[in-house]
Amino acid sequence: MPVQCEACQTNRAAVIRPKNNQKICKGCFISIFEEEVHETIVSSKLFHPGERVAIGASGGKDSTVLASVLKTLNERHHYGLQLVLLSIDEGIKGYRDDSLETVKRNSIQYDMPLEIVGYDSLYGWTMDQVVAQVGKKGNCTYCGVFRRQALDRGAAKLGINHVVTGHNADDVAETVMMNLLRGDLPRLARSTSIVTDSAASEIKRSKPLKYAYEKEIVLYAHHKKLDYFTTECIYSPEAFRGSARTLIKDLEKIRPSSILDIVKSGEDMARLVPAEVRGSVGCGSEGVEQNGGCGSANGRSSGGEMAEMERRLAENATAAARETEIQLPTGEQPKLQPKANNVSTQDKRRRPRKKVVTQTMGQCNKCGYLSSQKICKACVLLEGLNKSRPQQTVEVGVEDEDSSTTLMRQVGQLELSAG
């Protein structure tokens with residue numbers, strides 16, 4: 001016997017929402033999913049009428065659902081957007097060439113122009129060649145760094161300054177967890193932002209599916225009968241992100257809201273990071289429109305409160321700098337009782353506070369691409385490839401695939417073998 005839908009009260013419930021275990025029918029689920037994405041777009045002020053927007057399309061479920069939802073909402077709510085599909089060909093035979101066929105079908109199905117940009121034309125390397133050079137461990141670092149830059153270069157080629165990606169709530173929660181475990185607060189602040197941009201670049205990025213669960217995206221694609229590619233990348237290694245994903249999935253089994261709880265916690269912690277430390281980012285939360293779009297989902301933290309937090313952090317840092325250590329006059333030494341191993345519990349020196357590294361976004365001296373260093377990560381990796389081995393470890397960005405640990409291990413092995 002059908003269960004009553006908790007939304008429309010009809011006896012046809014067939015879907016249990018992973019986000020809150022609500023029992024609803026297929027039609028209500030599709031409608032609620034689309035309305036939540038619309039609310040995120042409006043409250044965060046992601047678009048403006050007449051804007052040209054490039055959808056980062058890989059052929060997978062996330063980007064396919066994003067393209068479908070944006071087309072639907074654009075027509076329903078009259079956003080006035082010009083949507084274009086932008087795909088990156090990493091050069092992986094048996095994987096990317098097949099997924100690009102899906103994107104080509106999507107281009108026809110959604111009546112959207114398609115632009116494909118390849119690693120070979122941009123960097124002179126395909127991922128097949130990179131893996132042949134460095135092996136399967138650490139290759140996701142290369143692919144993630146190259147893909148991020150390739151999206152921006154593809155958008156610039158099209159004359160578009162706004163790229164939307166299919167990152168969902170699970171992806172953001174994983175990134176928050178990884179940056180917490182690393183103690184990387186500046187990167188945490190950027191990873192929680194729904195819009196990322198910089199004065200050094202004309203291209204901005206946004207994540208309209210930031211608050212959508214991965215399971216709900218799969219359900220939406222299933223009930224809408226969308227055409228998408230499901231095969232995993234053949235070069236995907238065991239990366240740190242996989243460990244964070246497993247942890248979050250275990251938490252979700254106990255508490256379904258844990259994914260959004262982690263995202264919201266990351267947003268709250270990001271507000272404690274001064275702007276000069278976290279770099280230039282856009283609105284990082286789901287603020288209500290009348291509050292300017294930059295507060296929390298319930299308007300808990302306004303711009304004034306954020307400014308007050310930053311002022312207090314600055315005052316604390318200034319007070320710490322003014323602290324002085326009292327020293328005895330020359331020649332006088334404190335009389336201490338001998339302890340085991342000649343170590344005294346009173347003999348402690350005040351350690352200086354750990355300096356938080358500020359990140360200023362600029363342009364790469366080699367390629368001119370957006371970078372927080374003199375030489376961007378893509379150029380560093382390319383230099384290593386062209387010299388037959390990586391020259392230094394590279395920190396992976398917010399939206400890059402994470403395998404920095406395996407890359408560092410590989411570099412160490414190469415250095416030992418070279419010695």
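By class, six nonpolar, one polar and four charged residues make up the lining of the largest cavity in this predicted model. That cavity has a volume of about 60 Å³, and the structure holds three cavities of 30 Å³ or more. Helix α1, which spans residues 26–43, contributes four residues, the largest share of the lining of the largest cavity. Among the residues that line the largest cavity are Phe 33, Glu 36, Val 37 and Thr 40, together with Pro 208, Leu 209, Lys 210, Tyr 211 and Ala 212, while Lys 19 and Glu 216 also belong to the lining.

Two of these lining residues, Glu 36 and Glu 216, are also touched by Arg 17, which lies in the loop between β1 (15–16) and β2 (23–24).

The protein as a whole is summarised below.

| Property | Value |
|---|---|
| Helices and strands | 15 helices, ten strands |
| Buried residues | 47% of the 419 residues |
| Contacts between residues 24 or more positions apart | 70% of the contacts with a separation of 6 or more |
| Accessible surface | about 22,100 Å² |
| Accessible surface belonging to carbon and sulfur atoms | 51% |

Technical notes
Residues numbered from 1 in each chain as written. Predicted model: local features only at pLDDT ≥ 70, side-chain atom pairs only at ≥ 80, totals over all residues. Heavy atoms only, no water. 1 Å grid on protein atoms, 1.4 Å probe; cavity = no way out; pocket = protein on both sides within 12 Å on 5 of 7 lines; lining within 4 Å. Points joined across faces, edges and corners; volume = space filled by probe spheres on them. Helix = DSSP H or I, 4+ residues; strand = E, 2+ residues; numbered from the N terminus. Nonpolar A, V, L, I, M, F, W, Y, C, P; charged D, E, K, R; others polar. Buried < 20%, exposed > 50% of the residue type's maximum accessible area, 1.4 Å probe, protein only. Contact = heavy atoms within 4.5 Å. Areas by Shrake-Rupley, 256 points an atom, 1.4 Å probe, with all protein chains shown as cover. Lists of a residue's contacts leave out its neighbours within four places in sequence.
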